[in-house]
Amino acid sequence: MMADARWIDIGPVEQLPALGARTLPVQGGQEIAIFRTATGSIHALANKCPHKAGPLSQGIVHDTSVTCPLHNWRISLLTGEALGEDKGCVPVIPVKIDAGRIYIERASALAGVV
Amino acid sequence: MNAPVITNVQQEKASGQARERLVVIGNGMAGCRAVEEILARDGDRYAITIFGAEPRVNYDRIMLSPVLAGDKSFEDIIINDQSWYDDNGIELVSGDAVIAIKREAREVVSASGRVTPYDRLLIATGSDPFIIPVPGHKLPGVITFRDLDDVDKMLTAAETGGNAVVIGGGLLGLEAAHGLSLRGMKVTVLHLMPTLMERQLDEAAGFLLRSELERRGQTIITQADTAEILGDSHVTGVKLKDGTEIEADLVVMAVGIKPSTGLAKLAELEVERGIVVDDNMVTSDPAIVAVGECVQHRGACYGLVAPLWEMCRALADFMTSTPSGYVGSVTATKLKVSGINLFSAGDFSGGADTEDIVMRDASRGVYKRVVVKGDRLIGAVLYGDTADGSWYFDLLKRQEDISDIREALIFGQAFASGGATLDPDSAVAALSQDAEICGCNGVTKGQVVACIDGGAGDLDSVRAGCKASASCGSCTGLVESLLSLSLGDDYDGERKVTPMCKCTSFTHEDVRRNILEKELKSIPQVMQELHWTTADGCASCRPALNYYLLCAWPTEHEEDPQSRFVNERMHANIQKDGTYSVVPRMWGGITTPNELRAIADAADKYEARLVKVTGGQRLDIFGIKKEDLPAIWADLNAAGMVSGHAYGKALRTVKTCVGSEWCRFGTQDSTGLGIKAEQMTWGSWMPHKFKIAVSGCPRNCAEASIKDLGIICVDSGYELSVGGNGGIHLRGTDFLCKVETEEQALEYMAAFIQLYREEARYLDRTAPWVERVGMDYIKGRIVEDEAGRKELQERFLFAQSVHQKDPWAERVAGAEGHLHKHIAEIRPFSVLEPA
Ligand SMILES: Cc1cc2nc3c(=O)[nH]c(=O)nc-3n(C[C@H](O)[C@H](O)[C@H](O)COP(=O)(O)OP(=O)(O)OC[C@H]3O[C@@H](n4cnc5c(N)ncnc54)[C@H](O)[C@@H]3O)c2cc1C
Ligand code: HEM
Ligand code: SF4
Ligand code: FES
């Protein structure tokens, strides 16, 4: 896969089960969680709940949100914002699907890497 | 006028002035509905006599399909029982068909010779099934599907199994086929056209339907032209024009219906395809009106119930001197085959000036198509996801201008009406007053709301008051939304039942009952069937459904890891830093030097940050990384240890004391019984975590009195108590019973656990459950009902034969490996290829 300036290829869509999530560690940076919804759309968030840093990748995905495994905050996969009564936000990392492969935006993925 | 033959009932009611005599021919859906509508407007105007050819009271014909399928009994589908006729002073003459109408004399003559005069006559004779006149069509074993007698014949035939051939792949034929196949027959459906239900479905939806039916074991032959029905004294098979022969012990003809017009023709009323009526449902004779499938109105004949309700309203308005006029109906169809959701309405034949908008979602088996002409919706076909059916149907009937929502139309009401909310209440609020809520009984939103405004404060009163949701129940969610919209907080406050979660209006108990009754076997199926209002549920209903399904169908259930809480998905306990803790099982709290060595080695190798003795008498290894879990499990497995399920809504530990083997007070071998109990119960999934303890004497060192199930040994046996909890709300156990032998103790334990598994709500510990149902109930099921106890035990042991396997070993062998691996890894400036 040719590395492209803006997007990084992280592999085929099938690696993710529907309603599942997997992790993408970034050396020196913040681990990313990649989610797949029931309708097949792919989303990426920092793998760190705005509440107490729970690993969102281990939560239950439903509709376009994920419920954190530690204390059940619900986080939007679209905006990274906590839904309902809770307040907080986690970074969203842009992703795209092209020919069945997932690409993640380089600049956002590497944000904070020193 | 002739001397009227007035019955006792009529005389009583008619005291005072003489009432007009209304005679109804046909005790079916339209005839009785017409009478109900008239009575609702003016209860005293007519003295009513109803003739019915069938020897029974009025019932819901469309529910014959669920009766055939075994979902309902005849009693369930009765619309009006005898007391309705009595209370309203109606004389029912059942089992006696009318054979002639004498118009000049204004009387009808029945088969038994009875002559009854009328002032007004209502003909509601329905339709006759169409029978293709091929050779052999009169053989015994060839039947139609129209009334209860037909269903009885099918049920009798199905008792001996064998082959059934259903001729006709329309709504009726497919419902017959479904029922017969559930009753154990091998079913072949013969359909003349290339597409099943071609009048209601387009090719794509017909294909999805066909594949689903084939998957369920039916044989579907399309373009099948029946030439002959074979057999001498009874049907043995069906022969097609192309020479194919199909074995059959039963042939059901469901190729169509024709309006039942024989009587009207004899009486020389104007009859074309049906009995011709005007907008007030009046025939060519002003004294005679007609409603239902037997009529032809503005050139159209109907074969579904919805138009009948509209006809009956218009008729009743006319008969009570406030004519409103019937203008014809647009119809919509749903197939009543459990697990198949299919909706169609209007015209979808296509054409130059129409535009199709299609959406497919193969993964969900959804196909949606709407047909637009100009700025109007003219047709819709939905397969797999019919939640928006009534919304489309409403747009279609009202000829609404859809230009503003055209782009979003196919995504359904939630999207098209602006906000992406999936709130069911706002969707229902947006429906117009005359939108149909209950298709089975033809009840509009306006009528439900009127019924609620009239004092119906809960679902049952609405069902009793206006019949909405009283038949198949699939509109229950809509009715509940209307209740909560109309009553606001009053409704929620008054509710005795709380729904499982915000995705549904069904309670936990409703859902479990439906899973069994409708044989729902997967989460999407439950959500489709029970009209979940969200696409894929939420973090609270998905794990519950997963549990209910595995409990109901131990052998068939397919695990859905995405519907497990993280601990159960990872088979370890997540800790606040995102690492996991690992607890191997130590049977009854007993360990060996070898096991201890393996734990020590594992703790070193995987850099555990802490090893702790738990309150459940075993060791917890903390700080293990997600990636290392399969490896540490493999090491522990190698030393003979299995998962302790310390993470699961499952059997946790069986705590024991040393008992009679060592202790000077011990009365029985509490350790030995604890080990046996743990070996019987480990690996079983439960509504919540479940803890057991066995103490060797009433000193109770194993703290059995705060466990879900505690056993205290005494000289003469074992005392069992249940429902204890040592958590935030400390609760001592309640005494269940005393038994004499270990074997009995194990039997009662298994039975109690199974009762809890089958009846408690997901996430109910035993303590709140025991408090809710009461100890009397539990004793009744476990102690007093010996046969029932043994059945519970049997079901538990059967479930265990499936579920009792070490999840660690499965993971070590590679199952769900992706859960433990990163998808890829990013190293700045050098991107690794994914694994
Ligand atoms: C198995 C099945 C499933 C169906 N499912 C659906 C569905 O899901 N949705 C839907 O909209 N529609 C469905 N229908 C169609 C629906 O049942 C009919 O549209 C409806 O029953 C028609 O009502 P009716 O009163 O006109 O006729 P009927 O209900 O047939 O009533 C006519 C009655 O008149 C009696 N009768 C006839 N002649 C005489 C006489 N000479 N003297 C005395 N009595 C007489 C008959 O015995 C019968 O009881 C289904 C039909 C069947 C058979
Ligand atoms: C997420 C929250 C919790 C976690 C991760 C957790 C974890 C554990 C673990 C790992 C053990 C050792 C059990 C074993 O060996 O199998 C344990 C024991 C115990 N836990 Fe919890 N627990 C939690 C919540 C609770 C709650 C809410 C209660 C009270 C209702 C509770 C009451 C107990 C008790 C009484 C024991 C001792 C069990 C015994 O003696 O058998 N725990 N817990
Ligand atoms: S419960 Fe009784 S038998 Fe068991 S250890 Fe305590 S004193 Fe001994
Ligand atoms: S860390 Fe996510 S909810 Fe608390």
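Modeller: The conversation below goes through the model topic by topic.

Biologist: What should I know before reading any values?

Modeller: This is a predicted model, in which local features need pLDDT of at least 70 and side-chain atom pairs count only at pLDDT 80 or more, while totals for chains, interfaces and linings use all residues. Residues are numbered from 1 along each chain as its sequence is written, chains are lettered from A and ligands numbered from 1 in the order in which they are written, and side-chain values use heavy atoms, with hydrogens and water left out.

Biologist: How many helices and strands does chain B have?

Modeller: Chain B has 29 helices and 40 strands. Helices (H or I, at least four residues) and strands (E, at least two) are DSSP runs, numbered from the N terminus.

Biologist: And what share of chain B is buried?

Modeller: Of the 835 residues in chain B, 55% are buried. Buried means under 20% relative accessible area, exposed over 50%, and partly exposed in between (1.4 Å probe, protein chains only).

Biologist: What about contacts between residues at least 6 apart in sequence in chain B?

Modeller: Of those contacts, 62% join residues at least 24 apart. Contact means heavy atoms within 4.5 Å.

Biologist: Changing topic: which residues surround ligand 3?

Modeller: The shell consists of Cys657(B), Gly659(B), Cys663(B), Phe665(B), Gly666(B), Ser695(B), Gly696(B), Cys697(B), Arg699(B), Asn700(B) and Cys701(B). A residue is near a molecule if one of its heavy atoms lies within 4 Å of it.

Biologist: How does that shell divide by residue class?

Modeller: It has five nonpolar residues, five polar and one charged. Ala, Val, Leu, Ile, Met, Phe, Trp, Tyr, Cys and Pro count as nonpolar, Asp, Glu, Lys and Arg as charged, and the others, Gly among them, as polar.

Biologist: On to sheets. In what order do the strands of the parallel sheet in chain B run?

Modeller: The five strands of this open sheet are ordered β5-β2-β1-β9-β21. Two strands pair if DSSP finds at least two bridges between them. At the edges stand β5 (91–94) and β21 (288–290) of chain B, each with a single partner strand, so one side of each has no neighbour in the sheet. The twist averages 20 degrees from one strand to the next.

Biologist: What packs on that sheet?

Modeller: Helix α2 (residues 29–41) of chain B does, touching β1 (20–25), β2 and β9 (120–123) of chain B, and its direction makes about 170 degrees with that of β2(B). Axes are lines fitted to C-alpha atoms, for helices over the stretch in contact, and angles run from 0 to 180 degrees between N-to-C directions.

Biologist: And β27(B): how many of its residues are buried?

Modeller: Seven of the eight residues in strand β27 (residues 376–383) of chain B are buried. Strand β24 (residues 342–346) of chain B pairs with β27(B) in the antiparallel sense over five bridges, with Gly346(B) and Gly379(B) as bridge partners. Strand β26 (residues 366–373) of chain B is also antiparallel to β27(B), joined by seven bridges. In the hairpin of β26(B) and β27(B), with two residues between the strands, Gly374(B) takes a positive phi near 60 degrees.

Biologist: Last one: where does Glu268(B) lie?

Modeller: Glu268(B) is in the loop between α9 (262–266) and β20 (275–277) of chain B. Its phi is positive, near 60 degrees, in a residue other than glycine, and Glu268(B) counts as exposed at 65% relative accessibility.
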